[in-house]
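Dear colleague,

Please find the structure below, together with its sequence. My notes on it follow.

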Amino acid sequence: MTDGYYSSKKTDDICDEVCGQQGTPTSLSMSRLRCILRGLDLRTYLLLFVFVPLFIVGIYVHGQKVTYFLRPLWESPPKPFHEIPHYYNENVSMETQCKLHGWGIRESPRRVFDAVLFSNELDILTIRWNELYPYVTQFVLLESNSTFTGVPKPLIFARNRDRFKFADPRLTYGRVGGRFKKGENPFIEEAYQRLALDQLLKIAGIEDDDLLIMSDVDEIPSAHTINLLRWCDNIPPILHLQLRDYLYSYEFYIDNKSWRASVHRYQSGKTRYAHYRQTDDLFSDAGWHCSFCFRRISEFVFKMKAYSHNDRVKFSHYLNPDRIQDIICKGADLFDMMPEEYTFKEIIGKLGPIPHSYSAVHLPAYLLNNAEKYKYLLPGNCKRESG
């Protein structure tokens, strides 16, 4: 037995030599750190220097996917629409069609105003205006020299106005200067441009009870839908339009859940141009929504950087032309995102590329009458021009 008292406290033999040392606080702290590191085994090193960094990188790269997949846990689905059945056949009279919907028929049709914010969708705008031309009183188009994200852009419609001579007698065209505020939420610039469109509608001469179509250029109501609504009496003051939803072309049919397009019976001082839910009434099977339906790869790149959800371009390689072309032909997602749904069943059901559709039935008539010119929008033609 040794002299002196006995201590039962456990000691760390590895770091015994640090105890009692004299020195600056910094040197003692470094010594203790070295002792701690010597006491760690290989598994701990792997955890600290391999798995933890991999976990952080994984969260950065795939965090958005995890968030969207777990969406059903933290966000409830929106209130369901009241879906109104849509009756139509070209061999059925307008009076009968109105009666089938529970509406009366007018002595004369309402005037129709089709108002859009234009970015760069020349082909889709051509198809839209030709589809609606027989029933539209005035086309109203607003163009800005700025994207929603504050990036300067040319006035593409103004440069190509000769393509739309057929609509010129019915066209009210306006320009609005962008505010070019860097770092601002893109939806603020979008709201600013939609407010300017309200003023342009007044210049176009819209009056109470005229029909106003509010939709993006690529959200195209069918001609027979607009003809029905302009002839029928006692229709709801606001109707959202259920559109068949496509991606990249009419080959990749997603579902029928596109609803943001709407038709309004205009009311002075009350009707405001908007692109969000404004009523619970949804008119079934009323047209087509073809998102990212561009002829050229450069147009895909432009929209990915310019539209309100440009934050989805998380990595520069997302804009690589070869990658974009490959994704278009596969029907995959340009932003490598999970499906934006509210139930696990719907999310899992939409995982992976969109199945190819080979139906070109009931598409816009102008598109089919000019199939060779617009074949990139039809099944079996996924290759895009590069310029």
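I begin with Arg 128, which counts as buried because its relative accessibility is 0%; buried means under 20% relative accessible area, exposed over 50%, and partly exposed in between, with a 1.4 Å probe and protein chains only. Please note that this is a predicted model, in which local features need pLDDT of at least 70, side-chain atom pairs count only at pLDDT 80 or more, and totals for chains, interfaces and linings use all residues. Residues are numbered from 1 along each chain as its sequence is written, and side-chain values use heavy atoms, with hydrogens and water left out.

Arg 128 belongs to helix α5. Helices (H or I, at least four residues) and strands (E, at least two) are DSSP runs, numbered from the N terminus. The side chain of Arg 128 reaches the backbone oxygen of Glu 219 at 2.7 Å. Apart from neighbours within four places in sequence, the residues in contact with Arg 128 (heavy atoms within 4.5 Å) include Asp 114, Val 116, Ile 213, Asp 216 and Pro 221. Helix α5 itself, residues 122-132, is mostly covered, with ten of its eleven residues buried. Among them are Leu 122, Asp 123, Trp 129 and Glu 131.

Next comes the sheet. Eight strands form an open sheet with mixed pairing, in the order β1-β13-β9-β12-β6-β3-β4-β5; two strands pair if DSSP finds at least two bridges between them. At the edges are β1 (82-84) and β5 (171-176), each pairing on one side only. Neighbouring strands of this sheet are turned by 25° against each other on average, direction ignored; axes are lines fitted to C-alpha atoms, for helices over the stretch in contact, and angles run from 0 to 180 degrees between N-to-C directions. Within the sheet, β9 (238-241) and β12 (262-265) pair in the antiparallel sense over three bridges, and Leu 239 stands opposite Val 263 in β12.

Helix α7 (186-204) lies across β3, β4, β5 and β6, at about 145° to β4. Helix α8 (223-231) lies across β3, β6, β9, β12 and β13, at about 150° to β6.

Finally, I turn to helix α10. In α10 (321-330), the buried residues include Arg 323, Ile 324 and Cys 329, and what covers the buried residues of α10 includes α9 (297-306). Gly 331 follows α10 and has a positive phi, near 75°.

With kind regards

Note on methods: A polar contact is a pair of N or O atoms within 3.5 Å; within protein, one must be able to donate a hydrogen and the other to accept it, and residues adjacent in sequence count only if both atoms are side-chain atoms.
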